[in-house]
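Colleague: Let us go through this model together. I will ask, and you answer briefly.

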There are 2 protein chains.
Amino acid sequence: MGTGETEDDGRQAWLRRVAADVARLDRSSSAERAADILRRSITEGALPPGAQLSEIELTEVLEISRNTLREAFRLLTHEGLLVYKLHRGVFVPELDEHDVVDLYRLRRVLEVDVVRALGERDPEVPASRLEPLLDDVEAAEAAALADRWPAAGTANMRFHEHLIGLADSARLNAITSQLLAELRLVFQVIATPRELHEPYIVRNRTLFELLEARKYEQAAADLHQYLLDSEAGILAAFRDKGLRGPART
Amino acid sequence: MGTGETEDDGRQAWLRRVAADVARLDRSSSAERAADILRRSITEGALPPGAQLSEIELTEVLEISRNTLREAFRLLTHEGLLVYKLHRGVFVPELDEHDVVDLYRLRRVLEVDVVRALGERDPEVPASRLEPLLDDVEAAEAAALADRWPAAGTANMRFHEHLIGLADSARLNAITSQLLAELRLVFQVIATPRELHEPYIVRNRTLFELLEARKYEQAAADLHQYLLDSEAGILAAFRDKGLRGPART
DNA sequence: AGACTAGGAATTGTTCAACAATCCTGCAAG
DNA sequence: CTTGCAGGATTGTTGAACAATTCCTAGTCT
């Protein structure tokens with residue numbers, strides 16, 4: 001870095017990076033640590049939808065007090081990964097078809113708009129911004145080759161998370177993170193990961209190539225149909241499996 | 001830090017009002033009761049952006065334990081009305097121009113889509129669904145006639161909340177509620193309520209009439225420009241004030 | 001025998017006070 | 001002017017205690 005013009009930009013970028021690092025390390029409160037562990041347990045299926053989380057049991061396992069545990073419960077409740085039933089405890093929510101429709105309605109509006117805005121607002125998107133998307137696409141393809149379908153699903157979702165990230169909106173990122181967390185809950189119920197994720201690996205690559213070629217309008221239209229198809233697939237899977245009586249709560 | 005004696009007077013008056021509120025409300029849980037009081041204090045400006053909320057002081061004023069107070073803090077944090085800084089306390093967030101742009105970007109996407117979807121999905125919207133919107137329009141008009149501009153602003157925001165409600169999406173309602181709460185924070189910084197809210201009272205009525213006439217496409221276009229104008233007005237007021245909220249955590 | 005009700009055990013909801021960890025302030029030294 | 005170090009103040013966390021509610025069990029009545 002030699003010239004003075006880019007020095008200020010470099011400094012700004014460095015400050016932002018440091019601030020991000022600090023924020024990440026600060027994040028070490030007991031409640032949030034416990035929430036992290038529980039979040040993984042839920043999204044990975046160790047705590048399936050409908051399961052109850054006993055306070056006494058978890059205070060012993062996580063080695064935290066009831067107050068701190070309940071703080072973690074509140075955090076996850078706000079993310080939609082837990083629900084409170086008064087005087088009965090916290091449960092992993094069981095989402096139904098109506099929730100799927102609701103989630104996909106929001107996904108379509110937000111994601112499609114992000115892609116459209118890329119074309120309208122700033123035609124000169126730095127190519128480096130697309131790198132995380134390519135990483136996700138390749139990660140999904142590799143996982144598919146290895147028959148690791150849950151991992152493929154995770155990579156697919158990270159693709160969409162990074163796509164939203166292109167908008168540089170903190171609030172949009174937070175909303176998306178929550179929507180995808182709830183979607184993972186839906187995937188847990190269906191439990192046929194291959195049929196669920198396989199068709200969208202190649203579509204993600206197509207989408208990436210459209211973005212790389214700066215064909216934003218076509219990418220937006222493509223993504224819209226993509227999400228409609230994905231929603232339809234999930235709803236169909238729900239109706240296949242769904243006629244069974246759910247676990248009694 | 002201390003700016004003068006008038007601040008102390010204002011603080012005393014605020015303390016007295018809080019004490020009165022404590023005596024009056026007895027029905028809900030202590031944490032929610034405290035959250036109600038604090039929410040009003042924040043949205044009405046008694047606790048301005050940037051203010052720190054001392055735990056010890058508030059436990060004495062609100063007559064609750066620190067744990068209960070922290071529960072109330074969590075509730076308000078989820079609404080976006082407070083932010084935690086680890087080991088430093090809770091603060092009323094200071095939003096800057098970037099936040100305004102972010103908030104309005106989301107508002108435009110979501111609200112315009114709700115109106116469009118009304119036309120596409122279900123041309124037969126029951127007229128009764130629009131009644132809350134009319135109530136809000138009339139409430140804003142009445143408040144404007146009485147020179148009660150904060151009340152007019154509140155009615156305006158409830159109009160938009162009810163508008164979003166037409167989509168019947170629990171998640172959309174939650175997101176909107178939080179966006180508008182943060183917007184109230186922005187209004188507090190500007191502190192010229194009349195100029196801020198007056199132009200939009202008549203525009204809300206226009207919007208309502210377009211919806212009533214089922215001219216959804218025109219309503220959507222109208223709303224889009226409406227939100228662009230509102231954003232521009234707020235940004236202009238920000239630059240006039242020259243008050244900057246630099247901290248971005 | 002079956003249904004209903006009363007009572008007790010277990011769990012959650014709420015509050016409190018004390019201890020540990022961290023941050024801020026002021027002051028002295030280089 | 002900056003650096004390092006106490007001391008004080010504030011926040012983070014814990015464990016216990018008590019109240020409120022639910023669920024299970026046992027007994028009673030028809």
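**Strands, sheet and contact**

Colleague: How many residues surround DNA strand C, and which are the closest?

Modeller: A residue is near a strand if its C-beta atom, placed from the backbone, lies within 6 Å of it. 19 residues surround DNA strand C. The closest are B:Ser29, B:Ser30, B:Ser65, B:Thr68 and B:His87.

Modeller: This is a predicted model: local features need pLDDT of at least 70, side-chain atom pairs count only at pLDDT 80 or more, and totals for chains, interfaces and linings use all residues. Residues are numbered from 1 along each chain as its sequence is written, with chains lettered from A and ligands numbered from 1 in the order in which they are written.

Colleague: Which element gives the most to the surface near DNA strand D?

Modeller: Helices (H or I, at least four residues) and strands (E, at least two) are DSSP runs, numbered from the N terminus. At least two residues each come from α2 (30–43) and α4 (66–79) of chain A, and from α3 (55–62) and α4 (66–79) of chain B. With three residues, the one that gives the most is α4(A).

Colleague: How many charged residues does the surface near DNA strand D have?

Modeller: Ala, Val, Leu, Ile, Met, Phe, Trp, Tyr, Cys and Pro count as nonpolar, Asp, Glu, Lys and Arg as charged, and the others, Gly among them, as polar. In that surface, five residues are nonpolar and ten polar. The charged ones number five.

Colleague: Which residue of β3(A) stands opposite A:Gln52?

Modeller: Strands pair if DSSP finds at least two bridges between them. Chain A has an open antiparallel sheet of three strands, ordered β1-β3-β2. β1 (52–53) and β2 (83–85) of chain A are its edge strands. β1(A) pairs with β3 (residues 89–91) of chain A over two bridges, and opposite A:Gln52 stands A:Phe91.
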